[in-house]
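Colleague: I have a model open and some terms to check. Please set each label against its cut-off.

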Amino acid sequence: MLPVIALIGRPNVGKSTLFNQLTRSRAALVADFPGLTRDRQYGNGKLGDQPYLVIDTGGLVGGEQGLDGLMADQVWLAVEEADALLFLLDARDGVNLSDQQIAQRLRRSGKPVYLLLNKSDGQDISPIMPDAFALGLGELFPVSASQGQGVARVIDRVFSELPQQPDEPVLDAAEKGISIAVVGRPNVGKSTLINRMLGEQRVLAYDQPGTTRDSIYIPLERDGEQYTLIDTAGVRRRSKVNEVIEKFSVIKTLRAINDADVALLLLDAHEGEVADQDATLAGHILESGTAVVIVINKWDGLDDHQREWFRSQLDRKLPFLDFAERYFISALHGSGVGDLFKAVQTAYRSCSIDVSTSELTRILETAVQEHQPPMVRGRRIKLRYAHQGGQNPPVVVIHGNQTERLPATYKRYLNNYFRKALKLVGTPIKLQFKTGENPYEGRRNVLTPRQEQSRKRMIRHVKKQ
Ligand SMILES: Nc1nc2c(ncn2[C@@H]2O[C@H](COP(=O)(O)OP(=O)(O)OP(=O)(O)O)[C@@H](O)[C@H]2O)c(=O)[nH]1
Ligand SMILES: [Mg+2]
């Protein structure tokens with residue numbers, strides 16, 4: 001499961017700077033999608049092949065009361081949900097009482113704590129070391145969040161010390177089928193939809209509430225196809241006014257998205273608008289690269305005007321998910337629910353597509369013919385050939401020269417062109433650009449045999465020109 005790392009410390013020690021550093025690679029991947037504002041508290045990162053989730057928290061002073069206490073509660077909630085805690089000190093400051101109070105509570109949490117001496121760029125850290133050691137958290141990690149120094153080493157260490165996952169029930173891919181995460185804000189109708197999708201297949205275990213932390217995995221067969229539904233609905237309880245209140249865990253939702261083949265992003269049309277929290281979740285789905293279907297629930301009982309309004313909301317608030325299909329349903333009445341399985345299949349096929357180098361190169365050539373890349377300093381940017389660099393989502397690697405000068409608009413044009421040519425629905429495509437004479441050097445091991453064949457053909461072809 002996706003490991004979660006929380007950043008804790010006094011105000012101004014550099015938590016947000018470290019957060020930006022740890023999530024930078026993912027930020028770059030989604031930079032070409034207009035209209036997307038990134039979540040500044042929860043972020044996806046990757047070290048090598050290992051993805052992780054980072055939580056930035058507000059600064060603690062220790063022993064908070066009143067309003068500050070409420071804010072601090074949020075921090076301790078993050079501590080509870082995280083797998084590892086990075087506790088930051090400011091190397092240019094001493095260790096004070098606040099740090100000692102925070103350290104004490106972190107130790108009591110029982111979670112692995114890593115003590116970071118931040119801002120150690122160009123700084124003699126020896127004066128603060130005795131006090132830092134005295135916090136009783138073991139090894140010190142000098143880092144510079146702003147320069148990125150020492151950061152990868154800490155994350156490496158975190159991964160190597162994560163507790164072993166309990167053995168998961170061994171399901172082969174065919175048994176598990178396509179896994180579908182049903183995600184959305186509280187009360188959008190996740191549980192109602194899941195019950196509908198299960199129909200008579202409903203599994204008894206499902207009635208047992210899970211912990212807040214864990215999603216529930218429900219196997220399901222439909223028209224001879226296997227699926228696994230991932231239910232992220234919170235533990236529900238009835239309040240005094242008999243309203244169902246759902247405890248919403250962002251982390252659980254983000255983990256489910258990461259774990260799923262396809263995410264169903266559920267929105268509530270009765271709300272009358274696409275809320276910021278919906279857009280934030282949508283942004284996380286995009287960042288994770290998981291295929292997605294947008295499901296607008298509670299479509300019953302709305303007049304034409306309201307429906308028109310909600311559609312325009314989708315265009316305005318979720319422009320960066322324009323590749324996803326939209327389904328308008330009523331989970332309560334069951335209308336439209338059956339169609340979702342077809343949508344899931346389509347999205348799944350799209351994100352796991354396998355395309356040959358020659359086909360991708362052909363598409364690239366026609367795209368360039370129809371609309372040439374711009375001239376830069378009197379020289380036209382050349383795009384020569386393309387090969388597939390990954391799946392889920394599909395990655396298209398484009399080779400040429402001056403590719404680092406390609407404007408964002410042209411990248412978007414190419415992105416759309418590839419998506420249409422490959423008839424992809426519900427998945428983003430990631431384009432990577434490579435400039436250089438021998439772009440394959442050192443990366444042969446990542447090619448499939450078919451790609452290797454195409455590569456040889458392609459090189460022969462290019463040499464002839
Ligand atoms: N020299 C240096 N400055 C840093 C480093 N990390 C952060 N800073 C600076 O320290 C200041 C505070 O950084 P933030 O990341 O906003 O600190 P924070 O912990 O998120 O602060 P709160 O959210 O208010 O608790 C900023 O001016 C940063 O530029 C570092 O590694 N080296
Ligand atoms: Mg901050």
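Colleague: In what order do the 3 strands of the open sheet stand?

Modeller: The order is E17-E18-E19, with mixed pairing. Strands (E, at least two residues) and helices (H or I, at least four) are DSSP runs, numbered from the N terminus. Two strands pair if DSSP finds at least two bridges between them. This is a predicted model: local features need pLDDT of at least 70, side-chain atom pairs count only at pLDDT 80 or more, and totals for chains, interfaces and linings use all residues. Residues are numbered from 1 along each chain as written, chains are lettered from A and ligands numbered from 1 in written order, and side-chain values use heavy atoms, without hydrogens and water.

Colleague: What makes E17 and E19 edge strands?

Modeller: Strand E17 (382-390) and strand E19 (430-435) each pair on one side only. From one strand to the next, the twist averages 25°.

Colleague: What lies across E17 and E18?

Modeller: Helix H13 (residues 357-370) does, running at about 140° to E17. Axes are lines fitted to C-alpha atoms, for helices over the stretch in contact, and angles run from 0 to 180 degrees between N-to-C directions.

Colleague: What is the strand order in the open sheet of 6 strands?

Modeller: The order is E8-E9-E7-E12-E13-E14, again with mixed pairing. E8 and strand E14 (325-328) are the edges; each has a single partner strand, so one side of each lacks a neighbour in the sheet. The twist averages 25° from one strand to the next.

Colleague: Which helix packs on the sheet and touches E7, E12 and E13?

Modeller: Helix H10 (residues 276-288) touches E7, strand E12 (262-268) and strand E13 (291-297). Its direction makes about 170° with that of E12.

Colleague: Why is H9 called largely enclosed?

Modeller: Buried means under 20% relative accessible area, exposed over 50%, and partly exposed in between (1.4 Å probe, protein chains only). In helix H9 (residues 250-259), 7 of the 10 residues are buried, so the rest of the structure largely encloses H9. Among them are Ile-251, Leu-254 and Ile-257. H9 lies across E7, E8 and E9, at about 155° to E7. Strand E9 (residues 225-231) is mostly covered too, with 5 of its 7 residues buried.

Colleague: Why is Phe-133 counted as partly exposed?

Modeller: Its relative accessibility is 43%. That falls between 20% and 50%, so Phe-133 is partly exposed. Phe-133 lies in helix H5 (residues 129-133). Leaving out residues up to four places away in sequence, Phe-133 touches Gly-138 and Leu-140. Contact means heavy atoms within 4.5 Å.

Colleague: How do you know that a charge sits over the ring of Phe-328?

Modeller: The rule wants NZ of Lys or CZ of Arg within 6 Å of the ring centre and within 35 degrees of the ring normal. The charged end of Arg-311 is 4.5 Å from the centre of the Phe-328 ring, and counts as over it. Arg-105 likewise lies over the face of Trp-76, at 4.0 Å from the ring centre. Phe-328 also belongs to an aromatic cluster with Trp-299 and Phe-310.

Colleague: What is the average pLDDT, and where is it below 50?

Modeller: pLDDT is the predictor's confidence in each residue, from 0 to 100. The protein averages 87, and 86% of the residues score at least 70. Over residues 203-212 the pLDDT is below 50; that stretch has 19 contacts in the model beyond near neighbours in sequence.

Note on methods:
Rings of Phe, Tyr and Trp (its six-membered ring) pair if their centres lie within 6.5 Å; planes under 30 degrees apart count as stacked, over 60 as edge-to-face and the rest as tilted.
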